[in-house]
Amino acid sequence: MTLFKVLLLLFLIACAAAVSLTRRLLPAIIIFMSYSLVMSLLWALLEAPDLAVTEAAVGAGITSVLFFLALKRVRALRGEENEPPE
Amino acid sequence: MNRLNDGERGIFRRFQAGYGAIGLLVSGALAAVLLLTVSYLPGFGQADRPTENEVSQRYIAKGLEETGATNVVAAVILDYRAFDTLGESAVLFAALAAVILLLREEPAALARRMAERKPFEPDQGPILRITARVLIPWLLLFGAYLVLNGHLSPGGGFSGGAVTGAAMILHNLAFGPEQTRRFLSERIFFRLLVGALCFYGLAKGYVFFTGGNHLPGSIPLGQAGSIFSGGLIGPLNIAVGIVTACAVYGIFALFDRGGW
């Protein structure tokens, strides 16, 4: 179980670093979703199931949808010219 | 960059090189300070941690007896600290009000926008529609379970409302806004939202006027562990769930198209 927790924590750190290092916005949101999912697993392991359910629904579900819609509104999803060059 | 002369270009280069180095230095120092602070925090589950004080002991020892809720978290957020939860619901409402102010379109403009968008929106496709048809009933059931069982098991108004709101967003994405509007029109939406918030405020205001330091026992607490127990916690959970689901769905709808 400790190994599982350490793996989850390492994945969490990797996700957090990847979100800030990803230059394109769509992959950054998807990585952020996976960050929230790992975080909700960790809440469940820390015996906080209330938080785990909320994190999974709000962090992985609704926040990401709102991010997608915000990017769509400012036309940053399809317009490649708005994204910084690789 | 092209309009600069050679001297200015040199300064700009040096600034760029120094900017990276200084940025690295500052963020490294910040990370070191934060890590140092974390090392002084008490360990997880440590016996003499400062959060283990008479407040939490009191909640654990007397919570079930005083509130009738087997879930101590629900007892704290909807009974002992119900006023905080009223504030949180009001914050959600204020966020929705701000989004309405910024993004709401007049009905005529909304209809025009939807008509313009129709040819460009790709068909939702059978995969999304069939997945949604299978998933939505279970999501709604799970959300209702979290809300209604909030005083007995982990969950409660906020998480259950978020799950229900996510189910409504999925319905909207898979079947289109016209279908969602059939059961959640703008009028029903605002009646639900404002009604739930007012009910919560009145219930909590009643407590203030009767001078209770937590929600009083005028409603019988019932047998601990049964679904009708916990006094006002169950109805308050439903109110918070309605506010959360409506706020989540409303913010989605306004971001998506600027109306219901």
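B:Ala167 counts as buried because 25 C-beta neighbours lie inside 10 Å; a residue is termed buried if 20 or more other C-beta atoms lie within 10 Å of its own, exposed if 12 or fewer, and partly exposed in between, with C-beta atoms placed from the backbone. The structure is a predicted model, in which local features need pLDDT of at least 70 and side-chain atom pairs count only at pLDDT 80 or more, while totals for chains, interfaces and linings use all residues. Residues are numbered from 1 along each chain as its sequence is written, and chains are lettered from A and ligands numbered from 1 in the order in which they are written.

B:Ala167 is placed in helix 7 of chain B; helices (H or I, at least four residues) and strands (E, at least two) are DSSP runs, numbered from the N terminus. Leaving aside residues up to four places away in sequence, B:Ala167 touches B:Ile136, B:Leu139, B:Leu140 and B:Gly143, where contact requires C-beta atoms, placed from the backbone, to lie within 7 Å. The C-alpha atoms of B:Ala167 and B:Phe142, 25 residues apart along the chain, are separated by 10.0 Å.

Chain A has three helices and zero strands, in the order α-α-α along the sequence. Of its 86 residues, 20% count as buried.

The contact between the chains takes 13 residues from chain A and 17 residues from chain B. On the side of chain B that touches chain A, helix 7 (157–175) and helix 10 (233–256) are the elements that give two or more residues. Helix 7 of chain B gives the most, with seven residues. This side of chain B has twelve nonpolar, four polar and one charged residues; Ala, Val, Leu, Ile, Met, Phe, Trp, Tyr, Cys and Pro count as nonpolar, Asp, Glu, Lys and Arg as charged, and the others, Gly among them, as polar.

Helix 3 (residues 49–73) of chain A and helix 10 of chain B pack at an angle of about 15°, with their axes 9 Å apart. The two helices are therefore roughly parallel, a term for angles under 35 degrees. In helix 3 of chain A, the residues that meet helix 10 of chain B include A:Ile62, A:Leu66 and A:Arg73, and their partners include B:Val248, B:Phe252 and B:Asp256. By class, this helix contact has nine nonpolar, no polar and two charged residues.

The model scores ipTM 0.82 and pTM 0.82.

Definitions and conventions:
Two residues are in contact if their C-beta atoms, placed from the backbone, lie within 7 Å. Axes are lines fitted to C-alpha atoms, for helices over the stretch in contact, and angles run from 0 to 180 degrees between N-to-C directions. Angles under 35 degrees count as roughly parallel, over 145 as roughly antiparallel, 65 to 115 as roughly perpendicular and the rest as oblique.
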